Amino acid sequence: MLTVHHLRISQSERIVWLCEELGIDYEVKLYNRREDNNLAPDEYKALHPMGIAPVITDAKDGQSLVLGESGAIMDYIVAKYAPDTPLVPGPDHPDFADHLFFYHWANATFMTNGMMALVATRMTGATELPPFVADRMAKSWKIIETRLGEADYFGGSQLTTADIMMGFQLTTSRAMSGMSIEHLPNLQAYLKRIGEREAYQRAMAKAEPGMPPKLD
C-alpha cells in the first residue's frame, strides 16, 4: 500500500494532490506540527534521515520503500502507478520543454528564493530583503505572471505535475507569509481554475481538514 505521510501545512500536500489527480489507491497519514516550535514531531522525523516533508512509504511487488523529496516521490508514483498519465507530457508533446522547466524550477529556484527570503527576515530580524534576494523574488513572480498570461497552466495547455509542484508556494506557503496577489491577475485566474478541480478539492480536504486553501 502506498502511504503519503503528510506533515500539516507543508509541501507534502503536493503528493496528496498528485494521488488524487491520478485516481490511484493510497492512504494519507496526517502529522500535526509540534506546539512548542511548530516543527515536525519526532515520529515524522524518524521516517527518513532528512527528517523533513514529504515522505512516502510503499509496499509493492514484495518490496518495502521509504522515499523523500518531492520530485523523486512524484516521479516514482507516476512511473509505478500511472506511467501513461497526461500529467507528464512526453518528449514529442509541444509542452514538453515548458513542463520540464517549471517542474524543476518550482523547487530548484522558486522555493529556494522563498527560503532565502525567510532566512533574511524572520531569522535575522531584518525588515527588508537584501537587494540580491529581493531581485530574485521579483523576477520569480514576474516569470509566474508572464507564464500564466501565455498559457492556462505552467506546463502548457493542460495541468501537469509542474502545476502540482508549483502549487504549495502559491497557496499554503503564501498563506503563511501573508503575501497579496492583487497585482497579479493572471495568477488569480489560474488559482481560481485550480480551486475548481475536484481532485484538488479532495486533496486539500484530506491534507488540511478545516483549513480553506489560499486561492486569492
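A pocket is here an open set of points, on a 1 Å grid over the protein atoms alone, where a 1.4 Å probe fits and where protein lies on both sides within 12 Å along at least five of seven lines; lining residues have an atom within 4 Å of a point. Grid points are joined across faces, edges and corners, and a volume is the space filled by probe spheres set on the points. The model is predicted, so that local features require pLDDT of at least 70 and side-chain atom pairs pLDDT 80 or more, whereas totals for chains, interfaces and linings use all residues. Numbering runs from 1 along each chain as its sequence is written, and side-chain values use heavy atoms, without hydrogens or water.

The largest pocket has a volume of about 1,300 Å³. Its lining comprises 40 residues, with Met 111, Met 115, Leu 118, Phe 168 and Met 176 nearest the centre. Two or more lining residues come from each of α4 (96-121), α5 (131-150), α6 (161-170) and α7 (172-177), helices being DSSP runs of H or I with at least four residues, numbered from the N terminus. The greatest contribution, nine residues, is that of α4. By class, the lining contains 20 nonpolar, 15 polar and five charged residues (nonpolar: Ala, Val, Leu, Ile, Met, Phe, Trp, Tyr, Cys and Pro; charged: Asp, Glu, Lys and Arg; polar: the others, Gly among them).
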